[in-house]
Amino acid sequence: MGFLVWLEATGLAEWVRSSIPGYPSMIALHAVGMAVMVGLSLLIDLRVLGWFAGIPLQALQRFFGLAWIGFGINFISGSALFSAQATSYIVDWVFMTKMTLVLFGAITAAILQPAVVKAGPSGVVSGGTKAVAALAIVFWVVAIVMGRLTAYL
């Protein structure tokens, strides 16, 4: 807990917690990062599952880089938000569930990225790849719900 107490005492944490632009700017960046990462991930996941068949699966591989940029924005803004209430968040089961699901969502994206490349022009993916895409949808959607609940529970 010593590290978390120290983290809450940093200038960044104080800025997020107390300044007029701190919290709103970090939560706005977090929303943008989430929209980019999760939005693109859901599009790719749904395409892997057979939706939007008119879009070649291979054409979507270029969006992985942008999705990872969104993830990076979320990592930075989320870290700043966490720093403001680290000792509370670390023992909050809703927050910890959210973080676990975000980790699983990132892992599924990392698994799907080479699978999409490997599918090539045919766009054919294995049943296992489809299962990973379905799990990814669940992970991201529940992570978003848990993130919203963090503010209320």
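This note goes through the predicted model point by point, from the overall fold to single residues.

1. **Basis.** The model is predicted, so local features need pLDDT of at least 70 and side-chain atom pairs count only at pLDDT 80 or more, while totals for chains, interfaces and linings use all residues. Residues are numbered from 1 along each chain as its sequence is written, and side-chain values use heavy atoms, with hydrogens and water left out.

2. **Overall fold.** The chain has 7 helices and 0 strands. Read from the N terminus, the order of elements is α-α-α-α-α-α-α. Helices (H or I, at least four residues) and strands (E, at least two) are DSSP runs, numbered from the N terminus. The C-alpha trace spans about 55 × 25 × 25 Å along its principal axes.

3. Of the 153 residues in the chain, 39% are buried. Buried means under 20% relative accessible area, exposed means over 50%, and partly exposed is in between (1.4 Å probe, protein chains only). Among contacts with a separation of 6 or more, 77% come from residues 24 or more positions apart. A contact means heavy atoms within 4.5 Å.

4. **α4 against α6.** Two packed helices are described by the angle between their axes and the distance between the axes. Axes are lines fitted to C-alpha atoms, for helices over the stretch in contact, and angles run from 0 to 180 degrees between N-to-C directions. The axes of α4 (residues 63–84) and α6 (residues 93–119) come within 12 Å and cross at roughly 165°. That makes α4 roughly antiparallel to α6. The cut-offs are under 35 degrees for roughly parallel, over 145 for roughly antiparallel, 65 to 115 for roughly perpendicular, and oblique for the rest. The crossing of α4 and α6 is left-handed. A crossing is left-handed if the near helix is turned anticlockwise from the far one by less than a right angle, and right-handed if clockwise.

5. **Residues between α4 and α6.** From α4 come F64, W68, F71 and F82. They meet F95, V102, A106, A109, A110, L112, Q113 and V116 of α6. By class, the contact of α4 with α6 has 11 nonpolar residues, 1 polar and no charged. Here Ala, Val, Leu, Ile, Met, Phe, Trp, Tyr, Cys and Pro count as nonpolar, Asp, Glu, Lys and Arg as charged, and the others, Gly among them, as polar.

6. **α3 against α7.** Helix α3 (residues 22–48) packs on helix α7 (residues 127–150) at an angle of about 150°, with the axes 9 Å apart. The two are therefore roughly antiparallel to each other. Their crossing is left-handed. On the α3 side, M34, M37, V38, S41, L42, D45, L46 and V48 take part. Their partners in α7 are T129, K130, A133, A136, I137, W140 and I144. This contact of α3 with α7 divides into 11 nonpolar, 2 polar and 2 charged residues.

7. **α3 against α6.** The angle between α3 and α6 is about 50°, and their axes are 11 Å apart. That makes α3 oblique to α6. α3 passes α6 in a left-handed crossing. H30, M37, I44, D45 and V48 of α3 meet K98, A109, L112 and V116 of α6. The classes in the contact of α3 with α6 are 6 nonpolar, 1 polar and 2 charged.

8. **S77.** S77 sits in α4. It counts as buried, at 1% relative accessibility. Its side chain makes a polar contact of 2.9 Å with the side chain of H30. The S77 side chain also reaches the backbone oxygen of N74 at 3.4 Å. A polar contact is a pair of N or O atoms within 3.5 Å; within protein, one must be able to donate a hydrogen and the other to accept it, and residues adjacent in sequence count only if both atoms are side-chain atoms. Beyond neighbours within four places in sequence, S77 is in contact with M26, L29 and H30.

9. **G22.** G22 is in α3. It is buried, with a relative accessible area of 0%. Leaving out residues up to four places away in sequence, G22 touches W15 and V16.

10. E14 belongs to α2 (residues 11–18) and is partly exposed at 39%. Its side chain makes a polar contact of 2.6 Å with the side chain of S18. F52 lies in the loop between α3 and α4. It has a positive phi of about 55° although it is not a glycine. At 40% relative accessibility, F52 counts as partly exposed.
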